[in-house]
Amino acid sequence: MAVAFKGFQFNLPFASILLILLLCLQSGGGQKKKENMLAEKVEQMMEWSSRRSVIRMNGDKFRRFVKAPPRNYSVIVMFTALQPQRQCSVCRQANEEYQVLANSWRYSSAFSNKLFFTVVDYDEGADVFQQLNMNSAPTFMHFPAKGKPKRADTFDLQRIGFASEQLAKWIADRTDVQIRVFRPPNYSGTIALALLVSLVGGLLYLRRNNLEFIYNKTGWAMAALCVVFAMTSGQMWNHIRGPPYAHKNPQNGQVSYIHGSSQAQFVAESHIILLLNAAITMGMVLLNEAATSKGDVGKRRIICLVGLGLVVFFFSFLLSIFRSKYHGYPYR
């Protein structure tokens, strides 16, 4: 069987082979185009990364270099609102930790073009926030080299906090890229300790002839209570996890000082708990004073009522916070 085209005649098997060859050439050209486009994107990302460890992106850059294929690199994006009019203190704190992590990766010996750190500010990429249905900031997301982001590709900021070490661990889980965090030297703790030692040493030297205050039970009791209040309010948890001070909803501007989950807390929440525990303790001290002192009965009654009021009011407040975090309380 033959096929004729304006004076030319081909056998059908030959025409089929010719068609296959044309398709292969077209496919090869498309593949070459993709490779060139990918090379240009990687080169551009590397150039930006050489200037700044965290690449700032608007909506167009985000769609071209993060969302659109082809792409053989992973991208970590911090969605934030850093402009002063947004009044997002948490965003600034998270940005500092993010910069530390990005610098640690940029200047490490393992740095490669397989991972990039970027940031999208709400005032520069509001369309991106709308596209992703994002209504809170800061938010960290991982966009893998292949496929779409999964649920685990969104960093659980509320539960884990935004410390650089926690972000590095999350990135290692999602990309298999290990980042060792290098923080700039911070001598504030050393200076504070030196000042404290100097202050205590100077006080002991000035009172070297009268050291009875060292045996003051009230002073030691107050110092012990301060340590207890700090530990029971969650200050050590804050130091380890590095949670935000509070959370501000960028949509309505409402600030939350109490975290809604029992698995996390804000720094402001620990301060509130510390003050509540201190007020309850003061009430218990007043009740004890009213019961054991031998002063005027009327004065003791007033002290008792004040102490009882402190305990009842602030312990009720403490229980209400507990109920808001541990849903289902009181337990049945």
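Predicted model: local features only at pLDDT ≥ 70, side-chain atom pairs only at ≥ 80, totals over all residues.
The backbone of Asn133 takes a positive phi of about 55°, although the residue is not a glycine. With a relative accessibility of 68%, Asn133 counts as exposed, since the cut-off for that class is over 50%. The loop between helix H4 (126-131) and E6 also holds Pro138. The peptide bond that leads from Ala137 into Pro138 is cis, and its omega is near 5°.

The loop in question runs between helix H6 (164-175) and helix H7 (188-206). Asp176 is exposed as well, its relative accessible area being 67%.

Two further loops deserve a brief look. A cis peptide bond, with omega about -5°, joins Pro69 and Pro70, and Pro70 belongs to the loop between helix H2 (59-67) and E4. Arg52 is found in the loop that links helix H1 (12-51) to E3. This arginine, Arg52, is partly exposed, at 48% relative accessibility. Arg52 and Gln99 are 47 residues apart along the chain, and 9.7 Å separates their C-alpha atoms.

An open sheet is built from 4 strands in the order E3-E5-E4-E6, with mixed pairing. E3 and strand E6 (139-143) stand at the edges with a single partner strand each, so one side of each has no neighbour in the sheet. From one strand to the next, the twist averages 30°.

The pairings can be followed strand by strand across this sheet. Strand E3 (residues 54-56) pairs with E5 in the parallel sense, over 3 bridges, and in this part of the sheet Val54 stands opposite Phe117 of E5. Strand E4 (residues 74-80) also runs parallel to E5, and 7 bridges join the two. Within E5, Thr118 is the bridge partner of Val77. To get from E4 to E5 the chain passes through helix H3 (residues 89-106), and this β-α-β crossover is right-handed. The pairing of E4 with E6 is antiparallel and consists of 5 bridges; in E6, His142 is the bridge partner of Ile76.

How well is strand E5 covered, and what lies around the strand? Of the 7 residues of strand E5 (residues 115-121), 7 are buried, so the strand is largely enclosed by the rest of the structure. In a regular strand, side chains alternate between the two faces of the sheet. In E5, Leu115, Phe117, Val119 and Asp121 point one way, while Phe116, Thr118 and Val120 point the other way, and all are buried.

The largest pocket has a volume of about 290 Å³. A total of 15 residues line the largest pocket, and those closest to its centre are Gln265, Glu269, Ile273, Lys325 and Tyr326. Helix H10 (267-292) and helix H11 (297-325) each contribute at least two residues to the lining of the largest pocket. The most comes from H11, which gives 5 residues to this lining. Sorted by class, the lining of the largest pocket comprises 8 nonpolar, 5 polar and 2 charged residues.

The second largest pocket contains about 240 Å³ of space. Its lining is made up of Thr218, Ala221, Met222, Leu225, Cys226, Phe229, Ala278, Thr281, Met282 and Val285. Helix H8 (217-232) and H10 are the elements that provide two or more residues to the lining of the second largest pocket. H8 gives the most to this lining, with 6 residues. By class, the second largest pocket is lined by 8 nonpolar and 2 polar residues, with no charged residues.

Notes
Residues numbered from 1 in each chain as written. Heavy atoms only, no water. 1 Å grid on protein atoms, 1.4 Å probe; cavity = no way out; pocket = protein on both sides within 12 Å on 5 of 7 lines; lining within 4 Å. Points joined across faces, edges and corners; volume = space filled by probe spheres on them. Nonpolar A, V, L, I, M, F, W, Y, C, P; charged D, E, K, R; others polar. Buried < 20%, exposed > 50% of the residue type's maximum accessible area, 1.4 Å probe, protein only. Pairing = 2+ DSSP bridges. Right-handed = clockwise from strand over helix to strand, strands pointing away. Axes fitted to C-alpha atoms, helices over the stretch in contact; angles between N-to-C directions.
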